[in-house]
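Work through these exercises with the structure open beside you. Try each task before reading its solution.

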Amino acid sequence: MSQFLNASDAARRLGISTKALRVYEQRGLLAPTRSDAGWRTYGPEDLERACEIMALRALGLSLAQVARILKGDASGLEAALADHQGSLEARLRELVEAIEGVRALRGDLAHGGAPSASDLARMLALKPGLHVAFALPWPWGGERFELRDISPLTYITGPLGSGKTRLAMRIADDLDGAFLGLDRAADPSLVSKIAPTVALLVQDGATDTPALRALLTGLETTTPVVVDLVEQGLDKPTQEALIALLRRRGPDAPPLFVMTRSSSILDLDVLGPDETVLFCPANHAPPFPVSPYPGTPGYEALASCLATPEVRARSEGVIAVRR
């Protein structure tokens, strides 16, 4: 049997999309060979390299950072590993607490004391997550909306006029959080604090602009943050560097909601387990979470709302008007 696979079989073996393989190739991270008919073929070394890329992406690294690491420059790896260690330690603390609870109950049993049903329920129950619940504002008809176990990073998207801005503002209000509108400006008192972050992003290909600084100072808070069109004023390399950074936010960081219609911010091929996508349909049906897998409910409509920064620039400033 041939050791070489076509793009579809290679993607299936790796558990990613063929689009992701194509992006890796465009970035110079993969160089599949070509068959006599001109088709891409992936051998064992290609699959191994793809696994390395996926592992680095799982740490929240951007493709630019992955490229540097694969070339031997590990300067950007320390921060990513530190964030990953923080996440693992947070999980470990939860496990230790659970183990201590079980040990205490077993100790009670050893001394003739049976645990109550409520004690067992508390021990076995999952740690409740942050959630919102409210009646949807206009343009909806007041339907009930609930989002439980809010992820560290949630994307809100949908076509023009779908109500996503009103949804975002309502979520911020329900969580007593901050809403960063399109008129955001950098807080002068926080400019020096974000300087290391700006330098890190620039190293990863971002452009230092007032729009980037305004966004970063707005994220310097201990409350949940909801951002209106996070890509506003940011070019493609900056968007890619920014979203890689946001994915690496520590487990203790407040939940972050970002409105977006950019495929560089919301790349459906690289969504992680701690990320959620909320989609606002064009027909003003209630918003709902969409899984990033072709064929799942809402996936095609979601994908059609996303575009590259170059295409998104054409509709910069366009506002949907109800007549």
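**Exercise 1. Which residue of E4 is the bridge partner of Phe134?**

Solution. The model is predicted, so local features need pLDDT of at least 70 and side-chain atom pairs count only at pLDDT 80 or more, while totals for chains, interfaces and linings use all residues. Residues are numbered from 1 along each chain as its sequence is written, and side-chain values use heavy atoms, with hydrogens and water left out.

Step 1. Find strand E3, residues 132-135. Strands (E, at least two residues) and helices (H or I, at least four) are DSSP runs, numbered from the N terminus.
Step 2. Look at the pairing. E3 and E4 run antiparallel and are joined by 4 bridges. Two strands pair if DSSP finds at least two bridges between them.
Step 3. Read off the partner. Phe134 is bridged to Phe145 in E4.

**Exercise 2. Sort the residues of E4 into a covered and an uncovered face.**

Solution. 
Step 1. Recall the rule. In a regular strand, side chains alternate between the two faces of the sheet.
Step 2. Apply it to residues 144-147. Phe145 and Leu147 form the covered face. Arg144 and Glu146 form the uncovered one.
Step 3. Step back to Glu143, in the loop between E3 and E4. Glu143 counts as partly exposed because its relative accessibility is 31%. The classes are buried (under 20% relative accessible area), exposed (over 50%) and partly exposed in between, with a 1.4 Å probe and protein chains only.
Step 4. List the contacts of Glu143, leaving aside neighbours within four places in sequence. They are Phe134, Ala135, Leu136 and Pro286. Contact means heavy atoms within 4.5 Å.

**Exercise 3. Which residues touch the most other members of the largest nonpolar core?**

Solution. 
Step 1. A nonpolar core is a set of buried Ala, Val, Leu, Ile, Met, Phe, Trp, Tyr and Cys residues joined through side-chain atoms within 4.5 Å.
Step 2. Name the residues. The core has 33 residues, and Tyr155, Leu215, Leu219, Val227, Leu256 and Leu266 touch the most other members.
Step 3. Trace the suppliers. Elements giving at least two residues each include strand E5 (153-157), helix H8 (191-203) and strand E8 (256-259). H10 gives the most, with 5 residues.
Step 4. Inspect Leu256. Beyond four places in sequence, its contacts include Leu219, Val227 and Leu246.
Step 5. Look for another core. A second, separate one has 23 residues, among them Leu30, Ile53, Ala67 and Ile69.

**Exercise 4. Is Thr41 buried or exposed?**

Solution. 
Step 1. Locate Thr41 in strand E2, residues 40-41.
Step 2. Apply the cut-off. Thr41 counts as buried because its relative accessibility is 16%.
Step 3. Check what Thr41 touches beyond four places in sequence. Among them are Phe4, Leu5, Pro32 and Asp46.
Step 4. Compare chain and space. Thr41 and Gln3 are 38 residues apart along the chain, and their C-alpha atoms are separated by 9.5 Å.

**Exercise 5. What lines the largest cavity?**

Solution. 
Step 1. A cavity is a set of points on a 1 Å grid over the protein atoms alone, where a 1.4 Å probe fits but cannot get out; lining residues have an atom within 4 Å of a point.
Step 2. List the lining: Ala20, Val23, Tyr24, Arg57, Leu63, Asp267, Asp269 and Val270.
Step 3. Find the main supplier. Helix H2 (residues 18-26) gives the largest share, 3 residues.

Note on methods:
On a 1 Å grid over the protein atoms alone, a cavity is a set of points where a 1.4 Å probe fits but cannot get out, and a pocket is an open set with protein on both sides within 12 Å along at least five of seven lines; lining residues have an atom within 4 Å of a point.
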